[in-house]
Structures are given as C-alpha cells and as structure tokens.
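Thank you all for coming. Please look at the sequence and the model for a moment before I start, and then we will go through the fold together.

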Amino acid sequence: MKDEIIPVETAEKVVALINRVTGKNVNIMGQGGVIIASVQKERVGTVHEGAKRIMTGEIDELAVSEEEASRFKGVKAGYNGVILRQGRRIGCIGISGNPEIVGPIQKMGAIIVQEELDKRSSDEERREELDQIAQDITNLADQIKVVAINGSIQAARLGERGAPVKVVVSQMAELTDRINRMAVRIAGS
C-alpha cells in the first residue's frame, strides 16, 4: 500500500462533526504535521509541531495541560493523537481543551476517520465492480450484435426463405439496444 493520505473533504467532515459536538478547536494533520483541515481556517497549510513529532513516530500522542500551555506562546491546552490505518500513520487529530476530557474524543475521531476511509475504499471497490459488470454487459451486447449481423447476411442470402431469420435478427437488435441501455444505467449508478 502506498502512502495513504486523508482526503481533505473527509478531514473537513470529521473536523466539523467534532467541533459541532464539542465546540472545541479541532485540527487534522497529515504528512509532516501539515494541517489539512481546521476549525481555524487560517491554520490550514501550516505545520503543527506536535503533529510533526507524531507523524515521524517520535511520539503517538501529545497532551498539553492548561498549566503547560501557559508557559509557551501560541500553545493551547489539548490533546493530539495519531490516526492509524492498517498499522500505518496516516494523520493526526488535535482537539483543544482539557486533555483528560478531549483525549477520548480524539480517539473516537481517529476511529471515525478510519471508518470513513474504509467506507470510501468500499465504495470505490463497488464502483469498480459495477463498471466491470457494465463493460461485460456491453461486450455481450456487441457479441449479440455480431451474431445479428451474420444472421442478417444469411437471411439476405436465403431470400424469401430467410424471412423468419430476419424476425429473429430484428429482435436481437432490439435486445442489444436494451442491453446497452441497461449497461449505461449500471455504469451511472
């Protein structure tokens, strides 16, 4: 599996959800600790130093108490933790507030991201399966069309005796059209 990234729309969805429930600042960071989604839009694209350490594997989590935060400029109390997928670090979620309270919420947020990525992957697999089915149906329709053309040629050679074959060929052509429309519907679903 190549390096997986968290899609921005997934990160934004999870950030909005956690913020709506908690009212807290929420960030999701990707490779290098770069913030990819945040309640504070101006922070998107900047590097979160704690997340950078988490993403390198130096630490798995970073809890900052109110007391610790007061000693540093620009640091807020909160909890940052890793997001794993199939044993690999793919991101980090940080939530402001008392680490003892927001820590469990962060862990649930990491699970939500994992579930969203699993769902997205499952949807992509289903889409690929449907596309393959539509292609198989189209190929079948093409084969029927070839048989119909050959039947048409044979009916023409038979002249008047080929009239029943012409009826079958006509029905095959209608069937091919219906099959192709069905394949388009499957591909579009």
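This is a predicted model: local features need pLDDT of at least 70, side-chain atom pairs count only at pLDDT 80 or more; totals for chains, interfaces and linings use all residues.

Which residue caps the N-terminal end of H4? Asn 98 does, with a side-chain oxygen lying 2.8 Å from the backbone nitrogen of Glu 100, and a polar contact here is a pair of N or O atoms within 3.5 Å, where within protein one must be able to donate a hydrogen and the other to accept it, and residues adjacent in sequence count only if both atoms are side-chain atoms.

Residues are numbered from 1 along each chain as its sequence is written, and side-chain values use heavy atoms, with hydrogens and water left out.

Helices (H or I, at least four residues) and strands (E, at least two) are DSSP runs, numbered from the N terminus. Just after H4, Gly 159 takes a positive phi of about 65°.

Turning to the sheet, five strands form an open, antiparallel arrangement in the order E2-E1-E5-E4-E3, where two strands pair if DSSP finds at least two bridges between them. Strands E2 (35-38) and E3 (61-64) stand at the edges with a single partner strand each, so one side of each is left without a neighbour in the sheet. Within the sheet, four bridges join E1 to E5, and Val 26 stands opposite Ile 95 in E5.
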